[in-house]
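Hello,

The structure is below, for you to look through. My notes on the ligand and on the chain interface follow.

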Amino acid sequence: MRWRPRASLGDVIRVDGLRKVYRVHEKEAGLRGSIRAFVDRRYRDVVAVDDVTFGVAPGEVVGFLGPNGAGKTTTLKVLSGLLHPSGGTVRVAGFEPRRREGAFLRGITLVMGQKQQLSWDLAAVDSFLVNQAVYEIPDAVYRERLGELTEMLSLDGLLRKQVRKLSLGERMKCELAAALLHRPDVLFLDEPTIGLDVTMQQQVRRFVADYNARHGATVVLTSHYMADVTALARRILVIDHGRLVFDGDLSALVEARAPEKRLRLSLSERVDRADLAALGRVHAAEGLEIELGVPRADVARVAAAALARLPVVDVAIEDVPVEDIVADLFAQGRAARAADAVRAAHEAGAAAGGRG
Amino acid sequence: MRRYLRIWRIFFTHSLIQDLEYRLNWWLNAFNTLLFLGSSALVLWVVFTQADAIGGWTFDQALTLLGVYLLIEGVTVVFLVPNLNRVPQYVRKGELDYLLLKPIAARFIVSTRYASVWWVPQLGLALAVILVGMARQGTLTAGHLGLLALMLVAAIGTLYAVWFALTTTAFWFVKVDNVSELFTAFFAAGRFPVSAYPGWVRALLTFVVPVAFLTTVPAEAAAGTLTWGWALAAVGVAALLLALSQALWRYALANYTSASS
Ligand SMILES: Nc1ncnc2c1ncn2[C@@H]1O[C@H](COP(=O)(O)OP(=O)(O)OP(=O)(O)O)[C@@H](O)[C@H]1O
Ligand SMILES: [Mg+2]
């Protein structure tokens, strides 16, 4: 898949050839391994992000997709200054994140669904007060923002409860509020909906969309829930094994990867399989429920033909689910890597044979 | 600066809110301190009925020293232990991430976030013991009090710097939970004047683990027997150790931020 590098001067986030390598020390299993590692530490480099380039325009919402371990969290941590890049350049709002200058930190926020900043034993408002003091937010402004966040996130009744007594979803909403009190222009959200039920996920999504619309904030978010990304981001970045494999509009991805639409038919009586095949590729056929894969351009014609020729009770035309498309993309990446590995092994074998 | 004071006040209030839930603890700790004070004073009194002076220290001077010891220990328990003991956990669980995202020195938050408010009575008692000791020695003057205050600040600075540096090693050796116990054991030596120990222990307690600066020097300031040389040394040592601990902290953070999870 070709992606277009999109970076322009007006971008609030610019990432150029970003590379991040973790150095981990290797330890073999068991006591012997531990002793050996103690005496003679061996290190191995893990390339978490490799040559990633992209730009994000002010006010844009970008979704980061990728399987576990792809490098999404690492990228967000580099963007927010928690990690130093091993290579390449990163600019956020004109700052170099790794320097963690005060003016930079006041303009960004990072929310990690897996970690919390609110104090467990205190009420959420108590932690908010700390943030108010840290960011030097005047009382009147603080009250106004808290009011707005309370309304947008329906926080009523939650703020004065001890945080440890809140449900996961309630806590996440309070975390979001805590992270936004200083009204940052750039939001990094790392799996903000992880572990939440469907309604709570929707609430969080709606909130992010609202916040973006009201304040024109730039949002980069990661999620394993495709619905988060499809609902919020028009543009997506797909990262796999540290490499950017797609950067563009969601609809472009769908069109490029899924030239077909799905035509669902409910029939009143059984028909010959050949009659179905004449219309399009039979994707699934269970009793009277039929699913056909039809090229986009032909959908209307095929649907009309089906209605005319078959005992159709109900018809629906759907896009191929984005999940399937992205899973496909990852599977392709795996296959390519496997092929590379096989080729490398062959070459190594040939070289060894040549020597022997 | 005002911002930092304000934040510290908020943290302290929060600690108070949390500690107030455990009222019984408050009384138990006050009782505990009284008991310790009583028994220590008794031991001193018994010892001093046998000899007029230990290592050149009179009973009243030794009593003042006991007060200084209690005060420093109180400050440790109220302000240092609850914060510094958490550093390994911050590192292990990656909780430092959110602190590093704040436009404020992370070290400040790490060092001030919690306070064991229920030990505060010990500070009052310790202060009373020091003042009584000084009154009995006849050294209760503004000059002596001023020097004592300065030496106490230097002592606390020294203690904080050493302890903070030790916990900072958590960035490399993630399990350093025992550091505080080790330190408390050494610090216990400070209950007695350093000059009461044999020469090599005295050297160890002065130059290797600066216990002499923690209790003996302030107590001498209270007794009016401190020389200017030692006073300067106490301030110099504190400043040097604080600077070193800050350098170590920065180095540790730079490492953390180049690879963390
Ligand atoms: N502190 C670390 N030390 C060593 N390796 C790390 C560290 N953090 C992450 N990695 C490795 O870097 C790679 C990318 O990890 P990262 O957390 O960025 O992935 P991710 O896309 O966020 O995955 P997930 O969807 O599971 O959250 C993984 O192979 C991971 O094992
Ligand atoms: Mg992640």
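A residue is near a molecule if one of its heavy atoms lies within 4 Å of it. Of the 15 residues around ligand 1, those that come nearest are Asn68(A), Lys72(A), Thr73(A), Thr74(A) and His224(A). The model is predicted, so local features need pLDDT of at least 70 and side-chain atom pairs pLDDT 80 or more, while totals for chains, interfaces and linings use all residues. Residues are numbered from 1 along each chain as written, chains are lettered from A and ligands numbered from 1 in written order, and side-chain values use heavy atoms, without hydrogens and water.

Ligand 1

The ligand lies between chains A and B. A polar side-chain atom of Asn68(A) is 2.8 Å from an oxygen atom of ligand 1. Backbone N or O atoms also approach ligand oxygens: one of Ala70(A) at 3.1 Å and one of Gly71(A) at 2.9 Å. On its own, ligand 1 has 640 Å² of accessible area, of which the protein covers 71% (Shrake-Rupley method, 1.4 Å probe).

Interface

In chain A, 34 residues are in contact with 27 residues of chain B (heavy atoms within 4.5 Å). Three salt bridges are counted between chain A and chain B (a side-chain nitrogen of Lys or Arg within 4 Å of a carboxyl oxygen of Asp or Glu). Glu136(A) forms a salt bridge with Arg3(B), with the closest N and O atoms 3.9 Å apart.

Regards

Key
Polar contact = N/O pair within 3.5 Å; in protein donor to acceptor, adjacent residues only side chain to side chain.
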